[in-house]
Amino acid sequence: MPHDALPLLPPRVVIETTPVLKKAIEARDSLARFDALASALPDPAVLINAIPLLEAQASSEIENIVTTTDELFEATAFQSGATPAAREALRYRSALRIGFDELDGRPLTERTVARLCSVIRGHEVSIRRGEVYIGDRGTGERIYTPPAGPRVIGRLLDNWAAFVNEPSGLDPLVRMAVAHYQFEAIHPFDDGNGRTGRIVNVLMLCSAGLLHLPLLYLSRYIIESKDEYYRLLRAVTASGAWEDWILYMLEGVRATAARSIDLVGRVQAVRGEVIDAVRAALRAADIGLVDVLMEQPYCRVRDVVERCGVTRQTATRWLRDLVGAGVVSEIRAGREVLFVNGGLMDVLRA
């Protein structure tokens, strides 16, 4: 039966237990180190372009929408040739950016999540009117039936939004974990709830001032522990097992931030190698060329023309010289010629 009696927030039990508070301290320390490192980068656009795309890939993969890293980055330069899965992932990235751009001074509400879900789905969506259920993929057996009916869902979403936005003494990471469970339990849309909820996670951390840019790549952690993720969600519903669920999410933040710190270091190492190679191969090349190759690992001649303010002939010669020097490789996508920063793609694939 629809879980119309889903309890309102906040939970009626103590959720900031001693283990939770200890784990929250670890997670916030890891997150603060990553945020400081990312904010201090000379060219943060590299991460702004790359990490949301990797998040889009992983979040879509949780929903069995699978694409490769190369397909995604190629699609950013050659969208007309993108696969359906790549286009879905690109819409996820667009939704993440739109949500972040609209954060300033605006609360996260039912309207916000409907807007995000609409971008993800590629058409306007609203609160579902019918019944849906979460089923076992193998047997089709119902595992969970979310609340049904616009009135019930609307009441629960109003309560969710109040919990998310109103002042609270809860640690922001704990509040994010609780809000994520509740949003997935409400399941307000016919489809796209998981991806919308994972975007809200990042936006909540940005809104709380724990992240200055929407760069927490949390979906990969969920993929790697997908069975545990769903088991713990169900355990909250079945027995109010909040502590285990919150600890899981806090560990996800800690582990993801630590992994992202490593990613920043490897991206910076590639940038240094590209700078050296460009100087050796071209001598007079604009540093803007390096920025293009790092921000758009699949780039076109026109991208260099626009960024560096040079002629098409000069941009083509630069890129061809870099192909000859082994800095980039050249591929054809339809009528487009794309130049690929292989060193950066090796890091992003990993």
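## Close-up views of the predicted model

**View 1. A24 lies in helix α1, which spans residues 18–39.** This is a predicted model, in which local features need pLDDT of at least 70 and side-chain atom pairs count only at pLDDT 80 or more, while totals for chains, interfaces and linings use all residues. Residues are numbered from 1 along each chain as its sequence is written, and side-chain values use heavy atoms, with hydrogens and water left out. Helices (H or I, at least four residues) and strands (E, at least two) are DSSP runs numbered from the N terminus. The relative accessible area of A24 is 1%, so A24 is buried. Buried means under 20% relative accessible area, exposed over 50% and partly exposed in between, with a 1.4 Å probe and protein chains only. Leaving aside residues up to four places away in sequence, A24 touches D171, L173 and L250. A contact here means heavy atoms within 4.5 Å. From A24 to M345 the C-alpha distance is 33 Å, across 321 residues of sequence.

**View 2. A cis peptide bond joins L9 and P10.** P10 sits in the segment before α1. Most residues other than glycine have a negative phi, and most peptide bonds are trans.

View 3. Q182 is buried, at 1% relative accessible area.

**View 4. Helix α7 (residues 172–186) packs on helix α10 (residues 226–239).** The angle is about 85 degrees and the axes lie 11 Å apart. That makes α7 roughly perpendicular to α10. Axes are lines fitted to C-alpha atoms, for helices over the stretch in contact, and angles run from 0 to 180 degrees between N-to-C directions. Angles under 35 degrees count as roughly parallel, over 145 as roughly antiparallel, 65 to 115 as roughly perpendicular and the rest as oblique. From α7 come H180, Y181 and E184; from α10 come Y229, L233, V236 and T237. By class, the contact residues are 4 nonpolar, 2 polar and 1 charged. Ala, Val, Leu, Ile, Met, Phe, Trp, Tyr, Cys and Pro count as nonpolar, Asp, Glu, Lys and Arg as charged, and the others, Gly among them, as polar.

**View 5. R198 lies in helix α8 (residues 193–207).** R198 is buried, with a relative accessible area of 3%. Its side chain makes a polar contact with the side chain of E63, at 2.7 Å. A polar contact is a pair of N or O atoms within 3.5 Å; within protein, one must be able to donate a hydrogen and the other to accept it, and residues adjacent in sequence count only if both atoms are side-chain atoms. Not counting residues up to four places away in sequence, R198 touches E55, S59, I62, E63, Y92, H180, S219, I222 and Y229. H180 and Y229 also take part in the contact of α7 with α10.

**View 6. H187 carries the UniProt feature "active site", from an unreviewed entry.** UniProt positions are given in the numbering used here, feature names are shortened, and annotations may be inferred rather than shown by experiment. H187 occupies the loop between α7 and α8. Its relative accessibility is 14%, which means that H187 counts as buried. Phi of H187 is positive, about 55 degrees, although the residue is not a glycine. Outside the four places on either side in sequence, H187 touches R128, V132, I134, P146 and N193. The UniProt annotation "domain: Fido" (unreviewed entry) covers residues 114–251. Over that range the chain is 61% helix and 4% strand, with the end C-alpha atoms 29 Å apart.

**View 7. N64 has a positive phi near 65 degrees and is not a glycine.** N64 is placed in the loop between α2 and α3 (69–77). At 45% relative accessibility, N64 counts as partly exposed.

**View 8. Helix α12 (residues 287–295) is mostly covered.** Of its 9 residues, 8 are buried. They are G288, L289, V290, D291, V292, L293, M294 and E295. These buried residues pack against α2 (45–62), α11 (242–282), β3 (298–299), α13 (301–308), α14 (312–324) and α15 (342–349).
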